[in-house]
Amino acid sequence: MNDRGGFAALDPCVHCGFCLQACPTFLVTGDEADGPRGRIELMRSLERGLVAADDPGLQLHLDRCLGCRGCEPVCPSGVGYGRGLEAARQRITDIRPAPLVARLALWFLTTPLISRFVYAGARLLRATGIPRRLSGPGRFRFAMAMLAATKHEDSGLGIRDSRVTGQSSILNPQSPSFSNPPSPALLFSGCVMDGLFSHVHAATIRTLGVNGYRVAAPAGQVCCGALHAHAGMLEAARELARRNLEAFGDGDEPVVVNSAGCGALLKDYGHLLPDDPAAARFAARVRDVTEVLADAGPAPVTYPGIRVAYDPPCHLLHAQRIADAPLKVLRSIQGLTLVPVPDAEKCCGSAGLYTVVEPELSRSVLAGKAAAISGANPDLVLTGNPGCIMQIGAGLAATPRPIPVRHPVEMLDLAYAHAGRYG
């Protein structure tokens, strides 16, 4: 790409408008400037100097973009909207720091020494059950509902939670015996996933073990940088990327990710660090856990009598273009019924820190998602991104029939445990 950076990705736009009905914020506000076509005009004006980076209207409408990239798959011209948005937000943050609430959230959630205490405190609070009791409308009560949605509900099958960050040893001691040696794989543990969803890491390790993989989590890895990149803080994202490249080395083992948002950026490290050949090599190794499981089979199993709705995370479906692998994994579970949900491809309104910095619009986007899922009436909702689990879980907690939200590998893990695959 030339020295125009990500702005060049906007050039193919011909203003056809196919993107508008795929844009969650446009559907809520009806404002052209809150849709991809209008935002592209704002970004082009920013690049050409026709609109200043500190223009309040420019900042308002770009800040209100979820970055879900739902506009990209429906665009007949192949506009790289996400690249353009990234460039525009960086141009804005060069003269105006990211909102204070976003910078504080990043500091608390992704700074290794600080986040360790933050997540420990969050887990202690979660264990009391208080967040679930305080769940409700309003910023504080919705935040409590989001925390409650991260709790691993015991299946009663003896599946134990375990934390993995910092370990370099093999982490699936109960893997079954194989006729061939298991293949090595490396787990990307991340920040929010490791802090609040270590049970998903444990399920990832176990299910990969059943399907022929021996999993390790390299020490020294850090946050992927996605939250920083989305906020326009690209230099901070690049520094985190360099640390991850060093931690994972230059081997050929697949780097398994169970967070769609993390996976999308990790696969984009070659773009984030264009002058480092190691970045592109690393990006080529990154695979979503459902991709790895789908390629391995996965080993079929039976778990009867459960209706599940699969909600595809935006950064898995739109950014990584992965649609079939999660469904293949779920269809390997005999007895499971996949319940269709209208407009499942639409964003839930989480989008990293969006639910913090744009709470009202975030909840408005969520309302349609929660209503569609409730109408489908599943027993369980499955989605492969931590923000989506928290956002949808909080939204469904406010409905007359709260429905739990889990990661797809948790469903496969439950089925394997029910079938006695773990010994």
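Buried means under 20% relative accessible area, exposed over 50%, and partly exposed in between. With that settled, here are the close-ups of this predicted model.

**View 1. Tyr269 stacks on Phe282.** The two rings make a stacked aromatic pair, 5.5 Å centre to centre with 25° between the planes. This pair ties together distant parts of the chain: Tyr269 belongs to helix α15 (residues 269-272) and Phe282 to helix α16 (residues 277-285), 13 residues apart. Tyr269 has 0% relative accessibility, so it counts as buried. Phe282 comes in at 2%, so it lands in the buried class too.

**View 2. Phe188, Phe248, Tyr269 and Phe282 make up one aromatic cluster.** Here the stacked pair of Tyr269 and Phe282 shows up again, now alongside Phe188 and Phe248 as cluster members. Searching the whole structure turns up five aromatic pairs.

View 3. Trp107 has a relative accessible area of 43%, so it is partly exposed. Phe108 sits at 36% relative accessibility, and therefore also counts as partly exposed.

View 4. The charged end of Arg363 lies over the Phe142 ring, 3.8 Å from the ring's centre.

**View 5. Arg206 does likewise with Tyr422.** In this close-up, the ring of Tyr422 has the charged end of Arg206 sitting over it, 5.9 Å from the ring centre.

Technical notes: Residues are numbered from 1 along each chain as its sequence is written. This is a predicted model: local features need pLDDT of at least 70, side-chain atom pairs count only at pLDDT 80 or more; totals for chains, interfaces and linings use all residues. Side-chain values use heavy atoms; hydrogens and water are left out. Rings of Phe, Tyr and Trp (its six-membered ring) pair if their centres lie within 6.5 Å; planes under 30 degrees apart count as stacked, over 60 as edge-to-face and the rest as tilted. Buried means under 20% relative accessible area, exposed over 50%, partly exposed in between (1.4 Å probe, protein chains only). Helices (H or I, at least four residues) and strands (E, at least two) are DSSP runs, numbered from the N terminus. A charge sits over a ring if NZ of Lys or CZ of Arg is within 6 Å of the ring centre and within 35 degrees of the ring normal.
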